[in-house]
Amino acid sequence: MVIKLFLRPHSSTLSILSPNILFPKVSSSPKFPMLSLCSMTTTILNQFPDPNLSYGPSLRKGTVPPILQSQPTLKTFTKPSLQYHPKELPEEDNDDYSLNEESFVRVFDIAALRLPAKDCFVFESRLRGHLLNWPRIRNIARVPGDDVVDDFVELLGNKRVDGDEDALVSLHRRIYGKAEGDGDPLSPVLYREELVKTFNSRGFVNFRNLERMSRPKKKKKKRDEARGEGKKRVSRDELAVVEVVEDEEQEGEDMRGLLGDEFRGKKWRGSTRLLLLDERYANKSSDELPEAIKAVMKENTRESIASTFEVVRCKLTLFYDYWQMNEILEDLLPEGMIIPSAFETVGHIAHLNLRDEHIPYKKLIAKVVLDKNKPKIQTVVNKIDAIHNDYRTMQLEVLAGNRSLVTTVVENGLRFHVDLATVYWNSRLATERQRLLNGFTRSDVVCDVFCGVGPIAIAAAKIVKRVYANDLNPCAIEYLERNCVLNKLERKIETFNMDGRRFIIAMFSSEKAHSITQVVMNLPKDAAEYLDAFRGILRERPRDKEFTMPRIHLYGFSKARDPEFDFHERIRIALSEVAVDVGMHRVRLVAPGKWMLCASFILPKSVAFARPVLDT
Ligand SMILES: C[S@@+](CC[C@H](N)C(=O)[O-])C[C@H]1O[C@@H](n2cnc3c(N)ncnc32)[C@H](O)[C@@H]1O
């Protein structure tokens, strides 16, 4: 079900359902001490209300923290006076801009059920349907600084002492600097001494920050300042932070001295956790909360007078790292533009195929692709032009990351070193290669006429008796030889660096011809044109000799309505043969209406022993 959500201003109140009696507050005002609205300074001006938005996080929902509101989405380096929104980016100036990650920070108001840490998992499963359940956000959030060791909780206990006074209440009075008899507040030094006297050695040791109590308070962390926030951070990962919205006024009298600078709560109530509630409950009053939550509150406030169960208002801040690639790009690129969502990977390289309309944004797109796919992706490239050259190498432009196009690809357990600048590689053919290899046996001898860096030849060498691998590109052969060694298969592979036609003729006019059982011809654009090399290839040999004809696997493209028929015709014409029994396999659609096919057939004897046309 899609729930439509209207974000409302922060002004509505949320009642605390359980009065906290653990450390009764000395503060003047607050009826709802955990729910101060004054600290919620994010403005609704920057909210993106959209009644059509569905449930869940979105860059178009939430608010931009005030400190970031003036910042542009892009930072400029060379023209500080100009600050373009990417949607207005001039094409030539593209290189001068970098992404401003902070402009992707969004703050969401949510409600949370604060409860003892030990109970959080029980209630998480009990209230699962009422929790936030946002991707990559845990429903349970920590409250930093209020974690205490179990021994200390034990020490505090929950039992009544001295007749009518709760041990915790009594402790609280002492901690707030009052003498046993509720006299004047103690000076920090006396207060500390009092504490030292009061606790036994076990308890004393467990006050991690006791020895620092009389020191001046440390400055807030730089990062908090940069974000313009002084709230306690519950989660410290890079994706998100949950903060309880509290009353600033009351913070002077908190337990920070005892429990550390990070602890900013006005009361200390033992280790607690936040169960983040469904975003629809963000601004609901206690009456409007679902029965399941009300029941939990009721049970737990009744059971223990010192209950820490309460509903609190929180701010959930999502950072640049939280958002997925498509969400960032959607926000960055002009409306209506197709979002580049997929790319090919070759080892550490992401290979984009950007459309013309993306070119002004290519560096930004590449940066997002890099950021969102680190550490696996280290380099982002774009194909500049269609493949035209003989070696089938791509014209690539490095857009982001390190500039090296030498990478290592792992395919079917084999490792291949590849330099995309000088050799051909296509990871999309991995399945096809596997299909082809499945047809090979131990007794086969394979000729790979257009082998590249060896994805077929090397994988075949693991299965078959022997492989002869050839490529016209000297760089491909250099990498092939490296890869043979890398995969410890150099003894089974013989390499050649010559034109495919010459290679076919050389192989079949040598002694090797007897043993060759499989020929792979993977140069889809032109391979069919090389078939004539087989015509009369065995004509010098005695016809009566038992000769096993090799099976040829020929790749090709076809844009015809009946691609199989079309490709079959081309094969027949190239072999100058009336009938050839061919098995066809559609490999993949390489472009709309353009199929890559693999034709497999046994070289007809009539072709292999044919006399050249002029001889007859
Ligand atoms: C489509 S790639 C296939 C490479 C390898 N089979 C693969 O799957 O990665 C075609 C290869 O044929 C090589 N090539 C192109 N023309 C050639 C020719 N006339 N003779 C031999 N090899 C050639 C190119 O250098 C390229 O490596």
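Helices, as the term is used here, are DSSP runs of H or I with at least four residues, strands are runs of E with at least two, and both are numbered from the N terminus. In these terms P375 of the predicted model is placed in the loop between α10 (362-372) and β12 (379-383). The peptide bond that joins K374 to P375 is cis, with an omega of about 5°. In general, most peptide bonds are trans, and most residues other than glycine have a negative phi.

The protein as a whole contains 16 helices and 22 strands, and 38% of its 616 residues count as buried. Among the contacts with a separation of 6 or more, 69% are accounted for by residues 24 or more positions apart.

R136, which is not a glycine, has a positive phi of about 65° and lies in the loop between α1 (120-126) and β4 (140-142). Because 13 C-beta neighbours are found inside 10 Å, R136 counts as partly exposed. R392 likewise has a positive phi, near 60°, in a residue other than glycine, and its place is the loop between β12 and β13 (396-401). R392, however, is buried, because 22 other C-beta atoms lie within 10 Å and the cut-off for a buried residue is 20 or more.

When neighbours within four places in sequence are left aside, the contacts of W425 are with V346, V409, V418, L420 and V453.

A further buried loop residue is F440, which is situated between α11 (430-438) and β16 (445-448) and which has 22 other C-beta atoms within 10 Å. Although F440 and A460 are 20 residues apart in sequence, their C-alpha atoms are 7.4 Å apart in space. A460 is accordingly listed among the residues that F440 touches, together with V446, I463, V464 and Q518, residues up to four places away in sequence not being counted.

In α9 (residues 325-332), the buried residues are I328, L329 and L332. These residues cover an arc of only 95° around the axis, so they are on the same side of α9. In an α-helix, which has 3.6 residues a turn, residues three or four places apart point the same way. The elements that cover the buried residues of α9 include α10. Helix α10 is itself largely enclosed by the rest of the structure, because eight of its eleven residues are buried; these are K362, K363, L364, I365, A366, K367, V368 and V369.

The unreviewed UniProt entry lists R433, D471, L472, D499, G500 and N522 under "binding site".

Two residues named in that record, L472 and G500, can be described in more detail. L472 is placed in the loop between β17 (466-470) and α13 (474-486), whereas G500 is found in helix α14 (residues 500-508). With 19 other C-beta atoms within 10 Å, L472 is partly exposed, while G500, with 21 C-beta neighbours inside 10 Å, counts as buried; the two therefore fall on either side of the cut-off, which requires 20 or more other C-beta atoms for a buried residue. Apart from neighbours within four places in sequence, L472 is in contact with D390, Y391, M498, D499 and G500. G500, for its part, touches V449, F450, N470, L472, L523 and Y530, again without counting residues up to four places away in sequence.

Terms used:
Residues are numbered from 1 along each chain as its sequence is written. This is a predicted model: local features need pLDDT of at least 70, side-chain atom pairs count only at pLDDT 80 or more; totals for chains, interfaces and linings use all residues. UniProt positions are given in the numbering used here, feature names are shortened, and annotations may be inferred rather than shown by experiment. A residue is buried if 20 or more other C-beta atoms lie within 10 Å of its own, exposed if 12 or fewer, and partly exposed in between; C-beta atoms are placed from the backbone. Two residues are in contact if their C-beta atoms, placed from the backbone, lie within 7 Å. The arc is that of the directions from the helix axis to the C-beta atoms.
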